[in-house]
Amino acid sequence: MAGTQATADTGALRAGPGRSRGVSETALGRLFVTPAILLMAAVALFPVIYAFVVSLRAYTGRQYEGFAGLDNYTEALQDDEFWASLEFTFVFTVTSVAAEFAIGLGFALLMNQAFRGRGVTRAAILVPWVIPTVIAAQMWFFMFNVNPGSVNALLGLGDFNWLGEAGWVKAVIIFADVWKTAPFVALLLLAGLQTIPTDIYESARVDGANALQRFWHITLPLLRPAILVALLFRTVEALRVYDLPQVMTGGAFETESLSMVVQQYVVLTPDPGLGSALSTITFVIILGVGVIFVSLLGRELTIGRTGR
Amino acid sequence: MSAPATTPASRPRRRRSAGAVESAARARTWGKSALLAVIFLWCLFPFFWLIMTSLKIENAGLNSPDLFKGPFGFENYRNVFEQDFHLNLRNSLAIAAVTTILCVVIGSLAAYAIARLPLKRKILLLTGVLAVSLFPPVALVPPLYELWYRIGLLNTYEGLYIPYTSFTLPLTIFILTTFFAAIPKELEEAAKIDGATPFKTFYRVILPLAAPGVFAAAIIIFVSAWNEFLLANTFAPRDPEVAQTVPVAIAYFTGAVDFQRPIGNITAACVVVTIPMILIALAFQRRIIAGLTAGSLKG
């Protein structure tokens, strides 16, 4: 191609020491991606296969007892704890992602419009993102707690016990998640909004479209890829939820997530077979949801952009 | 009421009719700024609460929601460091730093190959990378725990930064591919004509130009490794002497009284951890935002 032609023209360079020692581009390409592929395969792919193998075995404690077939899976599927955690994880995911999307979109639209104080707000929006989730969990735990009762003081609720009843505890956990990640969603959507050319809005305005029509017929359709990406990442992350309920309740008040149940069977009440079966089920659920989103996104994401 | 001061250059259209239209526009601008203040408070007020609570000593932190009611002091901060919190900071710093270095080195090689070098099955490769990025870390917990248990990697730095690296690699690759792809191709061609080998071109021409992108990626990797809790809590749950990280320590801080979470110590530890993170975020906000959006708009 261009390179070979150039070197053919300038024959002197070809004999230069650098050229003769060099590796070809294709070889270099393979060489460069190999470590990344190997590492991701070793720590991501291999364990999944290994977990599947282990999930077919019977254990007492950590002691291997022989082949179990699908016994671990039937046990997992008959386990009330599993179904309870599945329910909580889904409720958490649906409500928190919906709230994060609504609030994040609101923030993004606002930041795309306003001029005064936009820079400062963009900086501030990174603060919840950078704060470790464990810290957010502790912080909101104390704010909602009866002592010192910061949220109650703010809302004038007296001694209302947010953390004493299953429904409200879930709401508090979801709120903490929304606080931490809505700004991040806003950031992603803002980036999407900024790619929409302003002259489309101008001509719509000339044609007499009002603000709501412009939002519905221009903003939303053109923002679709950014929305799907934000929803994909947030949904997959929310399905993995662990930090918030683990720190805020330790799983009490029906707030045990799928990840917490798996972790429990690995460390606290070790049963590698059952733990692996549960982790395989979790893996399939999360990856399944991810695949649905990715196929919705279609070619525009993975392929369209990187093809260049 | 001087018009030029309040009519920003960004809204020239409004100028055509003076008076009423202009003041309506100004009201709208102020209204939007007021709403921006809501976002601002949403993001920063909890942090302010954290600082004030951490400074309250004795039982003041638990007793009153009034943020300005003392007694105030630095006692909580002294307690935190008496509980070996500096060792947790050391562990987290080391683990996050090694993760960052490994990810940047391995990830930038792969990203360059994907963005620029002739490589077969790029789409398949990118799909694989995307799949890994959707991967639930909890699926790693049982198998890696068994493996680490056997080869003695529980409670070690290696036991954490190895999985962190492989989990953060997809994002690194997505971010860096975007940055590498944005560098003009002419530069490489010029280097090639001058007789540089492909490797030299990467090392001498592309890498320096991609430095801002690499830096953005490095910060994002560091933050995610620093904040990770599930694997840290499973593979190195106790003992700050060895490998317990900051989030694990903060999750299980114990106080003088058994059944009460020590609000002062916890909030003080939180402040110690968050202040440097927030400073980094503010100092490099443009790069971080560019990196975050590049990474996810692609992936």
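The following dialogue goes through some assignments in a predicted model and the criteria behind them.

Student: What are the ground rules for this model?
Tutor: Residues are numbered from 1 along each chain as its sequence is written, and chains are lettered from A and ligands numbered from 1 in the order in which they are written. As the model is predicted, local features need pLDDT of at least 70 and side-chain atom pairs count only at pLDDT 80 or more, while totals for chains, interfaces and linings use all residues.

Student: Why is B:Ala218 called buried?
Tutor: A residue is buried if 20 or more other C-beta atoms, placed from the backbone, lie within 10 Å of its own, exposed if 12 or fewer, and partly exposed in between. B:Ala218 has 22 C-beta neighbours inside 10 Å, so it counts as buried. This residue is found in helix α11 (residues 211–227) of chain B; helices are DSSP runs of H or I with at least four residues, strands are runs of E with at least two, and both are numbered from the N terminus.

Student: Which residues is B:Ala218 in contact with, leaving aside its neighbours within four places in sequence?
Tutor: They are B:Thr100 and B:Val104, where contact requires C-beta atoms, placed from the backbone, within 7 Å.

Student: Is B:Pro237 buried, exposed or partly exposed?
Tutor: With 15 C-beta neighbours inside 10 Å, B:Pro237 counts as partly exposed. Its place is in the loop between α12 (230–235) and α13 (246–251) of chain B. B:Leu154 is 83 residues away along the chain, and the two C-alpha atoms are separated by 9.3 Å.

Student: What makes one face of α10(B) the buried one?
Tutor: B:Pro198, B:Thr201 and B:Phe202 are buried. Seen down the axis, the buried residues of α10(B) fall within an arc of 95 degrees, so they line one face; the arc is that of the directions from the helix axis to the C-beta atoms. B:Arg204 and B:Pro208, on the other side, are exposed. The buried residues pack against α4 (25–55) of chain A, together with α5 (85–116) and α9 (185–193) of chain B.

Student: What makes β1 (residues 57–60) and β2 of chain A a pair?
Tutor: Two strands pair if DSSP finds at least two bridges between them. Here 4 bridges join the strands, which run antiparallel. A:Tyr59 has A:Tyr64 as its bridge partner in β2(A). The strands form a hairpin with 2 residues between them, and A:Gly61 in the turn has a positive phi of about 60 degrees.

Student: Why is strand β2 (residues 63–67) of chain A said to lie largely in the open?
Tutor: Of its 5 residues, the number buried is 0, so β2(A) lies largely in the open.

Student: How many residues of chain B are in contact with chain A, and how do they divide?
Tutor: 92 residues of chain B are in contact with 91 residues of chain A. Helix α2 (residues 20–55) of chain B gives the most to the chain B side, with 13 residues. That side divides into 67 nonpolar, 19 polar and 6 charged residues. Ala, Val, Leu, Ile, Met, Phe, Trp, Tyr, Cys and Pro count as nonpolar, Asp, Glu, Lys and Arg as charged, and the others, Gly among them, as polar.

How values were computed
Contact = placed C-beta atoms within 7 Å.
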